[in-house]
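Visitor: Please walk me through this structure, with the cut-offs behind each term as we go.

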Amino acid sequence: SLLFSNMAEDGVAKTVVFDVEMACGGCSGAVTRILNKMEGVLNVDASLEDQKVTVGLSEGGPSPEVMLEALKNWGENANKKVQLAEGQ
């Protein structure tokens, strides 16, 4: 598909979306920092409006489970719900 070929150009092999409860820019900033620290994460888009975090991964980037674990650790401390978005 066109979308996939466009994404492939910037090295993104896979996109994973999480549903993350975020109250403010501090939340989205924290989530973005956590994910950006991981090897193989190319970009992170945390949308407060949609309460979704979209992660672009290179080939061999972290598994959704590894990212979810890191986000859940943050979520427990921040008292926020985190889950893998449906349909993935």
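Visitor: Which pattern does the protein follow when read along the sequence?

Guide: This is a predicted model, in which local features need pLDDT of at least 70 and side-chain atom pairs count only at pLDDT 80 or more, while totals for chains, interfaces and linings use all residues. Residues are numbered from 1 along each chain as its sequence is written, and side-chain values use heavy atoms, with hydrogens and water left out. Helices (H or I, at least four residues) and strands (E, at least two) are DSSP runs numbered from the N terminus, and the protein has three helices and four strands. Read along the sequence, these give the pattern α-β-α-β-β-α-β.

Visitor: What percentage of the residues of the protein count as buried?

Guide: The term buried stands for under 20% relative accessible area, exposed for over 50%, and partly exposed for what lies in between, with a 1.4 Å probe and protein chains only. Of the 88 residues of the protein, the share that counts as buried is 35%.

Visitor: What share of the contacts with a separation of 6 or more comes from residues 24 or more positions apart?

Guide: A contact here requires heavy atoms within 4.5 Å. Among the contacts in the protein with a separation of 6 or more, the part that residues 24 or more positions apart account for is 63%.

Visitor: How many Å does helix H3 reach from its first C-alpha to its last?

Guide: Helix H3 covers residues 64-78 and has 15 residues.

Visitor: Why are the buried residues of H3 on the same side of the helix?

Guide: The buried residues of H3 are Pro64, Met67, Leu68, Ala70, Leu71, Trp74 and Gly75. They are on the same side of H3 because the arc they cover around the axis, taken from the directions from the helix axis to the C-beta atoms, is only 165 degrees.

Visitor: Which residues are exposed on the other side of H3, and what covers the buried ones?

Guide: The cover over the buried residues of H3 includes strand S1 (14-20), helix H2 (25-36), strand S3 (52-57) and strand S4 (82-84). On the other side of H3, the exposed residues are Glu65, Glu76 and Asn77.

Visitor: Within what arc do the buried residues of H2 fall?

Guide: H2 has 12 residues and reaches 16 Å from its first C-alpha to its last, close to the 16 Å expected at 1.5 Å a residue. Its buried residues are Cys27, Ser28, Ala30, Val31 and Leu35, and they pack against S1, S2, S3 and H3. Seen down the axis of H2, these buried residues line one face of the helix, because they fall within an arc of 160 degrees.

Visitor: At roughly what angle do the axes of H2 and H3 cross?

Guide: Axes are lines fitted to C-alpha atoms, for helices over the stretch in contact, and angles run from 0 to 180 degrees between N-to-C directions. The axes of H2 and H3 come within 10 Å, and the angle at which they cross is roughly 145 degrees.

Visitor: Which residues of H3 are met by residues of H2?

Guide: From H2, the residues taking part are Cys27, Ala30, Val31, Ile34 and Leu35. By class, the contact of H2 with H3 has nine nonpolar, no polar and no charged residues, where Ala, Val, Leu, Ile, Met, Phe, Trp, Tyr, Cys and Pro count as nonpolar, Asp, Glu, Lys and Arg as charged, and the others, Gly among them, as polar. The residues that they meet in H3 are Met67, Ala70, Leu71 and Trp74.

Visitor: Which residues does Ser28 contact, leaving aside its neighbours within four places in sequence?

Guide: Ser28 has its place in helix H2 and is buried, with a relative accessible area of 12%. Leaving aside those neighbours, Ser28 is in contact with Met22, Ala46 and Leu48.

Visitor: What is the relative accessible area of Asn79, the residue that follows H3?

Guide: Asn79 lies in the loop between H3 and S4. Its phi is near 60 degrees, a positive value in a residue other than glycine. Asn79 is exposed, and its relative accessible area is 66%.

Methods: Expected span 1.5 Å × (residues − 1).
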